[in-house]
2 protein chains.
Amino acid sequence: MINIEVVLSPALLHLNTIRDTNVVVIDILRATSTICTAIHHGANSVKALMSQSETLEWAEKGYLTAAERNGQKIEGFDLGNSPFECMDGKVNGRSIALTTTNGTKCIEAVANDGARNVFSGSFLNLEAMANFLANDKGDVLLLCAGWKDSVNLEDTLFAGALAHELNNRTDCKIDCDAALMSMDIYQMAKVDLISYLKKSSHYKRLSHLHHEEDMVYCLKHSIFETVCGLKDGEMKKF
Amino acid sequence: MINIEVVLSPALLHLNTIRDTNVVVIDILRATSTICTAIHHGANSVKALMSQSETLEWAEKGYLTAAERNGQKIEGFDLGNSPFECMDGKVNGRSIALTTTNGTKCIEAVANDGARNVFSGSFLNLEAMANFLANDKGDVLLLCAGWKDSVNLEDTLFAGALAHELNNRTDCKIDCDAALMSMDIYQMAKVDLISYLKKSSHYKRLSHLHHEEDMVYCLKHSIFETVCGLKDGEMKKF
């Protein structure tokens, strides 16, 4: 019986147990979608980092550097936070040091707290992720990165989607109200995720920055099978 | 144009502006429902307090004392946290000092932060509350008390219900994802709130303690018109 809990904001993480659970960090628009894309497209690893200065230092070790704040690429880095920058061989065989507004901070926050595993969540590999978690049988914590600690729709939707997929595959215990809520919202929205998300705060924010193509891509359902999780402190093919 | 924001847990309150907003504190099962019931049934006032010891001190000033922790009445107090203890003349003409697990702490937390007004939210007077807020025109912050800082279904549902009612009455700006989410959940659940809530964590918790009658009562929609808000630090008829 897998216990599933959903944390709607990093500011609520202290209420949950990380130790021995499979934690899935969720920053659908766009950090964790981009990490999965990079690894699926041949990147060796993605190192998630809190600060820009720390991220730049990894260039010396041969890493590509990538940074985003408030939805925009930061000057002086090789890449921003768009999944399209990780396709067409651009990251093949490379390692990437990435810092973003929300998602990478969450990965760093849980990396050393004794989790069973820490995964990068995305719609792009949703079924593969659910298969892995169902087979592993460890309890699951779905951690929404949100926007600067505020709850957001797209991460909540994904938490609901993954909880559904997992619950369809194996016996689960779902007593957490945030999990029940996210599953119901996903049920309501799933026929057309993009239309549903158009009312959300971050969709509007990214639309103003002309990231529509990124958003359409990040909501594609199970287009690849690569599962990405932390190994030796970096996101790698799992 | 009234800006509506929803805070799904007191632990997220620091992300929002309290100053000059109409804050509605929401602890549907049962503190804020009980406060509204007491005042509707003739109580002069309800003083919300953090601690049990502080609450007991108000007996000297002639207050009835009321205390609940983890869903149960505390020995040594006149009342617990059930709305039925406030009916049939039991609190008529009296003032009450009340401490509960979640709701009263939220009221105390926002009482001195420069809010325009602080109200006690309940389904029991939902339409009257919406009418007041629509006429007042101040921005609105709906603060869910949750359960020990965890997000809960019943408070989220009420936030969604009040946001709907308000949005139906006047021009509102709703950019907050938590507000959009709670409105959608309410739309889904409103045909039968009790059936919907039966899956929630707190409904189960209170069911085990035989509070079913309280829960059925607390979900009744607009059965009275009394609006309750802070005046001189105590909840009173507004």
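This is a predicted model: local features need pLDDT of at least 70, side-chain atom pairs count only at pLDDT 80 or more; totals for chains, interfaces and linings use all residues.
Local features need pLDDT of at least 70 and side-chain atom pairs count only at pLDDT 80 or more, while totals for chains, interfaces and linings use all residues. Residues are numbered from 1 along each chain as its sequence is written, and chains are lettered from A and ligands numbered from 1 in the order in which they are written.

**View 1. Helix H6 of chain A crosses helix H6 of chain B.** Both helices span residues 177-189. Helices are DSSP runs (H or I, at least four residues), numbered from the N terminus. The two axes come within 10 Å and cross at roughly 80 degrees. H6(A) is therefore roughly perpendicular to H6(B) (65 to 115 degrees). Axes are lines fitted to C-alpha atoms over the stretch in contact, and angles run from 0 to 180 degrees between N-to-C directions.

**View 2. Residues of H6(A) meet residues of H6(B).** Chain A brings A:Met181, A:Asp184, A:Ile185 and A:Met188. Facing them are B:Met181, B:Asp184, B:Ile185 and B:Met188.

**View 3. Chain B touches chain A.** Here 22 residues of chain B are in contact with 23 of chain A (C-beta atoms, placed from the backbone, within 7 Å). H6(B) gives the most to chain B's side, with seven residues.

**View 4. Helix H5 of chain A is mostly covered.** Twelve of its 17 residues are buried (20 or more other C-beta atoms within 10 Å of their own). Among them are A:Leu153, A:Phe158 and A:Leu166.

Notes. Helices (H or I, at least four residues) and strands (E, at least two) are DSSP runs, numbered from the N terminus. Angles under 35 degrees count as roughly parallel, over 145 as roughly antiparallel, 65 to 115 as roughly perpendicular and the rest as oblique. Two residues are in contact if their C-beta atoms, placed from the backbone, lie within 7 Å.
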